[in-house]
Amino acid sequence: MYVSAGKDSFSLLMAMNFVFIDGPYNGSSIAIFGPNPSERAVREMPVVGGTGVFRFARGYCQARTHWFNATTGDATVEYDILIRHD
């Protein structure tokens, strides 16, 4: 989910879950919530938790847009996630 959050620039507030549906992490998820300043080449957002094997996970996510179509709003975005969970 994206919400427009910028007053003087185009910035988004992002809430997103990555849900695993196969393999050793099947049924687990990672939760990301934070600002996504879209004008930056690399945006960093916090990992705020998760479920299953990622319960109480902490870390960060770096997003990089590789392709964006302004007419349709379609985009290809790479997400690199570093997670620490005890």
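Of the 86 residues in the chain, 23% are buried, where buried means under 20% relative accessible area, exposed means over 50% and partly exposed lies in between, with a 1.4 Å probe and protein chains only. The model is a predicted one, in which local features need pLDDT of at least 70 and side-chain atom pairs count only at pLDDT 80 or more, whereas totals for chains, interfaces and linings use all residues. Residues are numbered from 1 along each chain as its sequence is written, and side-chain values use heavy atoms, with hydrogens and water left out.

The chain contains 0 helices and 6 strands, these being DSSP runs numbered from the N terminus (helices H or I, at least four residues; strands E, at least two). Its C-alpha atoms occupy a box of roughly 40 × 25 × 20 Å along the principal axes. Among contacts with a separation of 6 or more, 25% join residues 24 or more positions apart, a contact being heavy atoms within 4.5 Å.

Strand 3, residues 29-36, is largely enclosed by the rest of the structure, because 6 of its 8 residues are buried. On one side of the pairing, strand 2 (residues 12-19) runs antiparallel to strand 3 over 8 bridges, where two strands pair if DSSP finds at least two bridges between them. Strand 4 (residues 42-51) is also antiparallel to strand 3, joined to strand 3 by 4 bridges, and the two form a hairpin with 5 residues between them.

Ile32 ties these pairings together: Ile32 is the bridge partner of Met16, and Ile32 also stands opposite Val47 in strand 4.
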